[in-house]
Amino acid sequence: MNMSDEIKLFDTYTRSKRLFVPLESGKIKVYTCGPTVYDYPHIGNLRAYVFADILRRMFEFNGYDVTHVINITDVGHLASDADEGEDKVEASAREQKRSALEITKFYAEIFKQNLISLNIESPTVWSVATEHIAEQIALVERLEKLGYTYKTSDGVYFDTSKLSDYGHLGRLDINGMMFGARVEENREKRNPTDFALWKFSPKGKKRQMEWDSPWGVGFPGWHIECSAMAMKYLGETIDVHTGGIDHIPIHHTNEIAQSEAVTGKQFARYWMHVAFLSVDGGKMAKSLANFFTLQDLVDKGYDPLSFRYLLLTAKYRASLNFTWKSLDGAREALSSLRERIAELGDNASEPKRELVEEFRGCINDDLNTSEAIALLWKVTGLPIDPAVKKATIAEFDKVLGVGLMNKNEVDISESIKILIANREALRKEKKWEEADKIRIELGACGFKVKDTKKL
Ligand code: AMP
Ligand code: ZN
């Protein structure tokens, strides 16, 4: 185990776990690709943000000052990641008979609420793609001046053949790539990997979201927003860029191409990707009725933090299969931890340093949360002073963020509430025997009654 305060992170670009060195001492700049806000986020999407939150909290735990940007993609992400098909937001607006703005505002708000429920720290900056059109156009203009672009009948494209190392992140076999047989594929592209920087509004159709540009009325391609906003808020080189593994071959590959072509500098020093959350062993899809939202979990009576706990029991680089049984297991584990911690009392103390350092060793080792949770369980069983134990666990929770100090939430039905109130009344009247009968009755319903001295 890594027992020092060295941080090691797995970097997708080099496919290796590397010692982390920040660009600027004491400061970290993190960019996380945000959601496309045309629908409810599913619990798989949310895994990507719990992962980014652990990364951020790990840095903060190590005393770094973190600037974290998450973007909101509210334009330009087309049905296919290869710049084809309808804009996801425009399609959703048409189906729901609402304006694009209503759709994006609504789902962005749901997304932010989900993050709060999962105890994910708010980013330093929320950057919204449609609020940064000028920055995106300026970046495309710079690429144009440098000779990286060409125009087709439907947009302005990036010529990927101009870069010798294009596709390194995804280890793409460029030479082996050919145009596919799909009818809708854009044959005007010079290379199959070329991607849109700016797309023109389709002729004869009025889009809800379109802007003037030096090339014609249209909208930005999906990738350019992340480069433009990352550079605006974090500078030309950032420390860590995060996203899900699906972003490796296209979105992040293209972010690197266009950013590095413009600046001549490395765009991100570490690329980190979270593996997928699957459901019943497969992909989450609306047609399979396994597309779960956080609200679905809450409606079934789960605390969102039980879901967060479940995610942390796995390493972020391993795919994780979601089942209701595993969520039940996480709920029981978290509830049992909270119960044990509540029994440690309320005395203040200093944490036990060696244990905190052992915890740091786990999380600094490429965010090994499963090992950190194993250590947490070990600590709950150690024969040490309860106040020290509690203070130590409180330190762990600064990173894990699963609410270990929270009281277990119980869904108390109306009839139980009445029994509790009756018992309180009987105790006030000192009718101990009758009150005790209710205590037994409550016990039979699964409620342990603990009386404080005060009445
Ligand atoms: P999107 O809204 O599709 O742009 O996705 C938002 C984030 O969720 C991206 O970082 C994706 O890589 C990530 N993501 C999508 N599906 C999953 C999944 N099943 N498990 C983990 N991350 C996912
Ligand atoms: Zn992005």
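Residues are numbered from 1 along each chain as its sequence is written, and chains are lettered from A and ligands numbered from 1 in the order in which they are written. Because the model is predicted, local features need pLDDT of at least 70 and side-chain atom pairs count only at pLDDT 80 or more, while totals for chains, interfaces and linings use all residues; side-chain values use heavy atoms, leaving out hydrogens and water.

Let us begin with two strands. Strand S1 (residues 8–11) runs antiparallel to strand S2 (residues 16–19), and four bridges join them. Strands are DSSP runs of E with at least two residues, helices are runs of H or I with at least four, and both are numbered from the N terminus; two strands pair if DSSP finds at least two bridges between them. Phe10 stands opposite Lys17 in S2. Four residues separate S1 and S2 in this hairpin, and Arg15 in the turn has a positive phi of about 55 degrees.

Now for the spaces inside. On a 1 Å grid over the protein atoms alone, a cavity is a set of points where a 1.4 Å probe fits but cannot get out, whereas a pocket is an open set with protein on both sides within 12 Å along at least five of seven lines; lining residues have an atom within 4 Å of a point. Grid points are joined across faces, edges and corners, and a volume is the space filled by probe spheres set on the points.

The second largest pocket holds about 930 Å³ of space. Its lining has 38 residues, with Tyr38, His42, Asn45, Lys88 and Asp246 nearest the centre. Helix H1 (43–61), helix H3 (100–117) and strand S12 (238–244) each give two or more residues to this lining, and H1 provides the largest share, five residues.

A search of the whole structure also finds two cavities of 30 Å³ or more. What is the volume of the largest cavity? About 100 Å³ of space lies in the largest cavity, and its lining residues include Arg47, Phe51, Leu311 and Tyr316. Domain 1 (3–274) and domain 2 (278–400) both give residues to this lining, so the largest cavity lies between them; the domain bounds come from an automatic or database domain assignment.

The second largest cavity has a volume of about 40 Å³. Among the residues lining the second largest cavity are Tyr49, Asp53, His68 and Glu121. H1 gives the largest share here, four residues.
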